[in-house]
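Q: Can you walk me through this one? I'd like to go region by region.

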Amino acid sequence: MNSNQFGGTFGGPIKKDKFFFFVSYQETRQRNGIVGYGSSTATLPPIPGNRGTCPVGFNNPLQCDAAGQAFIPALAAAVCPAAHPTVLADKAQAGTVNVVCPGSGGGNALFNINPVAINLLQAQVPSGGYLIPGSGTANYVTQTFSDPARFSDHNGMGNFDYVINSKHTLSARYAYEQDPTNSPFPTLNITLIGNTLPGSTVVTTKWNHAALLKLTSILSNNLVNEAQVAYQRNVTIDSHASPFTDSQFGITPLNPGYDVLSYFTVGAGSGGFSFGPHYFFDGVFPENQYEWSDQISWTRGKHTLRSGVEVERIQLSRTYPSNQGGNPTFPRFADFLIGRCAATAPGCTTSNGGPASNLQTAGNFTSPTAAFDYLIRTTDLNAFVQDDFKVNSRLTLNLGVRWEYDGLPYLKDGNYSNFWTGLPNAGSLPGSSPQTGTLAGYIVPANYNGPLPAGLIQSKNNCATQHCAPWDNFAPRIGFAWQPLSSNRWVVRGGAGFFYDLIGGQIFADGNPGVTAPGEVLPVTPPSAATLADPWVLPSVVPGPTGTYGFPLRWVNTTNFSNSGLGQTVVQQDLQTPLTYEWNLNTQYEFRRNWVLELGYVGSHGIHQIGQSRSGAQGQGTTVQGFNLAPLAGADCTSCVLTGVTTNTVANVAGRVPYLGLSPTDAIIASTSSYKYNSLQATVRKQLSYGLQLQGSYTWSRAFIALPFFIDTPPYDVFAYEPNNNYRPQRFVLNYVWNLPFPHAQGLMVRVTEGWSLSGVFTIQDGTPLTITDGTGGSIFFGGQGANSNAQLCPGMTYANLLTSGSLTQRVSGGLTHGGVGYLNGKTQGVLCAPPAIGNGTGFGSVGGGVVLGPGQNNWDMSLAKSFTIREGQSLQFRSEFFNTFNQAQFSNPTTVASAANFGQISTTSVSPRIIQLALKYLF
């Protein structure tokens, strides 16, 4: 990594005692090959050397050149499961058809390999390498690619303060930032290391403007008013460069007008690979925020009263043309090579012999009309009143209440719909074909302006929920500060209150705003009729507003259980505003001069929380699956009475789901989660004296979060508390500044020895809780392929058996060695077993959430600085900063999917290798 920063500040009076200004500018330029944008870790399959050339649409090896004719049987020999029975990636997860070994008989002239897959493997990027590189061996090999990303940041800020008169002061602030990033590897988060192969460069450019104007008025000796208006504009433009198209490989484009190679994903995480332009990186996202607020403060006697009001309006537009490229996903390399439709799919001429396509999904953000603009709008209001009541010289009470209206996002033109599970006809039997399907259960907002087909209901408001945001969210708060003794060396503080929270706008923006039809229509999931040549299975529709795709109908055939399988993201009909109860008690004691001991207890309990991802950060809501999970046949299966289902098979899942015609894997935005947090905190702080300042903080916490946990008995989908993986049970942080006490010198030596300082931060902490999942579990509930299942412990095994022994370095290196054991024991070691069998599918595993901890962290960041006095009021400071000073490897969490080939392996670090940064600052 190479990083350079430079800039400066300048300020002063324009008119003495009247008009002041301050401006600053900073430039950052960086080349980084260790973050997600500049690095990728993927597992390369065993692909033989010279791959030759075969024409698009071929079906016989004799149509290829000589090298191509030799390549096809060599590829089959390298990946046929009969020759490698223990290699999971060689076995198709869907269907009964696998790649056939040459000379073994059976299969076809291409050994069951899809000609489209061969064309993709033969493609070469402009630099000369293959689009899909191979390992060059007979094994699947995990490889890390590094190609430095180029990042720059242009950051400027200016402000002024104008004293109008003795009572009024006008202040203004403006900030501007532009930060283009040229990335060899696409990733949604710079800290995430993806599995994309080289050749999929993307460019992201962001422009941020923020302006504020504030008027402070001293109305009287005890009355002050602050009024301000603010405006922010953020614009993001994502783009990619791809020399390939879908049609040149024989793949039918989702939208013929957008013929760009799709973003393919094969396998999971670093145990697989991705290639092609990422679906996220072709879009324009402008956002405007307008804010107005006013606060008045009044002091009278022992009371200081404050009251304020704020109005915020947000306008967000989103355009995703690249979603028309899709994200065809295959569970294993063998599924990608075969790429056939399911035996039960209507019109399937070359099937894989199973109930599900080799294609797992066409992508959660895939839509044939993704260029449709979404004009998202929302308004937020809040007001508060607070009294700081000084009871006496040693006790102060803080009493207040806050009111909030946390508006839900809606579309300006009303072109979206939702599915309300509480409607009387939502669980009824729909039609039996695309022509006789129904829209029962669907609603559109009040500002919808299109046709209203039979069965579609129009809501009385503009949002996706039944009652929009509530107007009665009042949040009381109380706090106190108490000095028990006459001495000011000991103080006790505490407080408690209600805290409402906005639902993260990103979750609505990604779902536009959380639901699909008619603006975006997702391909059918699971896509039983999809193939590698045509990954898209689109639902039949009735006309919607002009420029939209239309409304997909729900249907299910109770004879063969073919169905619409609509991929619909649903917003909970009675969505609630997230609410958190918080409380704390804290005491501070100066036990000797300049030394303070602080002990505290902090607790919180959140209810009506938006679903959380086990891998996401607290507060970043995500959709959750399970609302349309298929119950087992019996009294708990209400749909079984309508469809006549009496047995449990992966083929009849569509006849057991509660909402017939919707996919069993559909997700919902719901306020059904909750969390609990309690911690003890201790801090020792030494104020600067004798050239030394330090602070040491220790936190011991117990954090739990309620996440969906699937079981094999009613009610199947339960929210169970498990350790929250956003928190580390124990954490210690030491930060310090030490002005080095060199002996007093004379003359020139003063310049050398004086002005040195050493500072730094030391962090040692536990790892985060890990949840072990299994991608093969739950197929009897979700249909065909597994989904959202925890792993299954083998008989006699405990959670302690999951962790391997040895030093962390030994465990990491062992997992990266072929056949070695990594951080976790799994199926190979007999600790984890296959999920329980139910019918001809699988049930859910028994392993709880967060049962073991990932790797901890022990990191030092240090800085050595030297200040040179130039003259009075002027100095030059040189700083050398060392991040991860001792270059200790800090490891990320291992792969926790038990069905993955790289289960238990750690292939990335959580902290960069040692980074040295030099800085020079002139102060005047």
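Q: Where does leucine 456 sit?
A: Leucine 456 lies in the loop between E19 and E20. Helices (H or I, at least four residues) and strands (E, at least two) are DSSP runs, numbered from the N terminus. This is a predicted model: local features need pLDDT of at least 70, side-chain atom pairs count only at pLDDT 80 or more, and totals for chains, interfaces and linings use all residues. Residues are numbered from 1 along each chain as its sequence is written, and side-chain values use heavy atoms, with hydrogens and water left out.

Q: Is leucine 456 buried or exposed?
A: Leucine 456 counts as buried, at 7% relative accessibility. Buried means under 20% relative accessible area, exposed over 50%, partly exposed in between (1.4 Å probe, protein chains only).

Q: What does leucine 456 touch?
A: Leu439, Tyr442, Ile443, Val444, Pro451 and Phe551, not counting residues up to four places away in sequence. Contact means heavy atoms within 4.5 Å.

Q: Which sheet has E19 and E20 in it?
A: An open sheet of three strands, in the order E18-E19-E20, with mixed pairing. Strand E18 (418–419) and strand E20 (457–458) stand at the edges, each with a single partner strand, so one side of each is left without a neighbour in the sheet.

Q: How many bridges link E19 and E20?
A: Two, and strand E19 (residues 442–444) pairs with E20 in the parallel sense. Two strands pair if DSSP finds at least two bridges between them. Valine 444 has glutamine 458 in E20 as its bridge partner.

Q: New topic. What does E12 pair with?
A: Strand E9 (residues 223–240) pairs with strand E12 (residues 283–300) in the antiparallel sense over 16 bridges. E12 also pairs with strand E13 (residues 303–318), antiparallel over 14 bridges.

Q: What's in the turn between E12 and E13?
A: The two strands form a hairpin with two residues between them. Glycine 301 in the turn has a positive phi of about 60°.

Q: On to H2. Why is it largely enclosed?
A: Seven of the eight residues of helix H2 (residues 115–122) are buried, so the rest of the structure largely encloses it. The buried ones are Val116, Ala117, Ile118, Asn119, Leu120, Leu121 and Gln122.

Q: What covers them?
A: The cover includes helix H1 (66–79), strand E11 (273–275) and helix H3 (333–338).

Q: And what happens at the start of H2?
A: A side-chain oxygen of asparagine 114 reaches to within 3.0 Å of the backbone nitrogen of valine 116.

Q: What about threonine 43? Buried or exposed?
A: Threonine 43 is buried, with a relative accessible area of 8%. Its strand is E3 (residues 39–44).

Q: Which residue does the threonine 43 side chain have a polar contact with?
A: Threonine 142, and the side chains are joined by a polar contact of 3.1 Å. A polar contact is a pair of N or O atoms within 3.5 Å; within protein, one must be able to donate a hydrogen and the other to accept it, and residues adjacent in sequence count only if both atoms are side-chain atoms.

Q: Last one. Where is phenylalanine 878, and how accessible?
A: Phenylalanine 878 is in strand E42 (residues 874–883). At 36% relative accessibility, phenylalanine 878 counts as partly exposed.
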